[in-house]
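Work through the exercises below with the sequence and the model open. Each task is followed by a solution in steps.

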Amino acid sequence: MSRFEESITVDVPVRVAYDQWTLFEEFPRFMDGVEQVQQLDDKRLRWRAQIAGKTKEWTAEITDQTPDTRVAWRSIEGAQNDGAVTFRPIGTNQTEITLRLDAEPEGAIESAGDALGFLQRRVHGDLERFKEQIEQQGGNGKGWRGEIHGDEVQPDPVEIRNR
């Protein structure tokens, strides 16, 4: 299993950065190789991506989500992919984002790419593209503000008020 950690500072408030990150279906806009992310429910995401020339699919489950602080996940079906992203405010208009990723390369091509640092560079590039996107476009205020802790899901308070 390979483990990567990469951090970047974005010039937006923590709420803007976090809210944009929780719009999972927009990940293909800044994540290289990601073709589609489908949010199945508050906890589960279905991914499709090109990795080492092959289409990979997996389902991930969010295991921990705290607004403006952290989103953690683990794959529950398909390609192995676990990780967490954390958000730390730096003053009022900057946020440090740290992405930790554990991935299991499959086969000789993925293992060779991993040994050559391919995935680490991809993660770095994804964070750079996220920074560019969020700083140029800002957030749309549509992030999910609910919480997930293990099997417990606390719905977004805004969604509850609007029912």
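Buried means under 20% relative accessible area, exposed over 50%, and partly exposed in between, with a 1.4 Å probe and protein chains only. Helices (H or I, at least four residues) and strands (E, at least two) are DSSP runs numbered from the N terminus. The model is predicted, so local features need pLDDT of at least 70 and side-chain atom pairs count only at pLDDT 80 or more, while totals for chains, interfaces and linings use all residues. Residues are numbered from 1 along each chain as its sequence is written, and side-chain values use heavy atoms, with hydrogens and water left out.

**Exercise 1. Describe the chain as a whole.**

Step 1. Count the elements: the chain has 4 helices and 9 strands. Their order from the N terminus is β-α-β-β-β-β-β-β-α-α-β-β-α.

Step 2. Take the burial: 44% of the 163 residues count as buried.

Step 3. Take the surface. The accessible surface, by the Shrake-Rupley method with a 1.4 Å probe, comes to about 8600 Å², and 47% of it belongs to carbon and sulfur atoms.

**Exercise 2. Determine why helix 1 counts as largely enclosed.**

Step 1. Locate helix 1 at residues 14-21 and check each residue for burial; 6 of the 8 are buried, so the helix is largely enclosed by the rest of the structure.

Step 2. Name them: Val14, Ala17, Tyr18, Asp19, Gln20 and Trp21 are the buried residues of helix 1.

**Exercise 3. Find what surrounds Gln65.**

Step 1. With a relative accessible area of 1%, Gln65 is buried.

Step 2. List its contacts (heavy atoms within 4.5 Å). Apart from neighbours within four places in sequence, Gln65 contacts Tyr18, Thr22, Phe24, Arg70, Val71, Trp144, Gly146, Glu147, Ile148 and His149.

Step 3. Look for a polar contact, that is, a pair of N or O atoms within 3.5 Å; within protein, one must be able to donate a hydrogen and the other to accept it, and residues adjacent in sequence count only if both atoms are side-chain atoms. The side chains of Gln65 and Tyr18 make one at 3.0 Å. Tyr18 is also among the buried residues of helix 1.

**Exercise 4. Trace the pairing of strand 4.**

Step 1. Apply the criterion: two strands pair if DSSP finds at least two bridges between them.

Step 2. Strand 3 (residues 44-51) pairs antiparallel with strand 4 over 8 bridges, and Arg48 stands opposite Glu57. The hairpin of these strands has 2 residues between them, and Ala52 takes a positive phi near 55°.

Step 3. Strand 5 (residues 70-78) is joined antiparallel to strand 4 by 8 bridges. Glu61 has Arg74 as its bridge partner, and Ile62 stands opposite Trp73. In this hairpin, with 3 residues between the strands, Asp68 has a positive phi near 65°.

Step 4. Strand 8 (residues 147-149) pairs antiparallel with strand 4 over 2 bridges; Asp64 is partnered by His149.

**Exercise 5. Follow Val85 from its strand to its contacts.**

Step 1. In strand 6, Val85 is the bridge partner of Val71. Strand 6 (residues 81-89) is joined antiparallel to strand 5 by 4 bridges.

Step 2. Not counting residues up to four places away in sequence, Val85 touches Trp21, Thr69, Arg70, Val71, Trp73, Ile97, Thr98 and Leu99.
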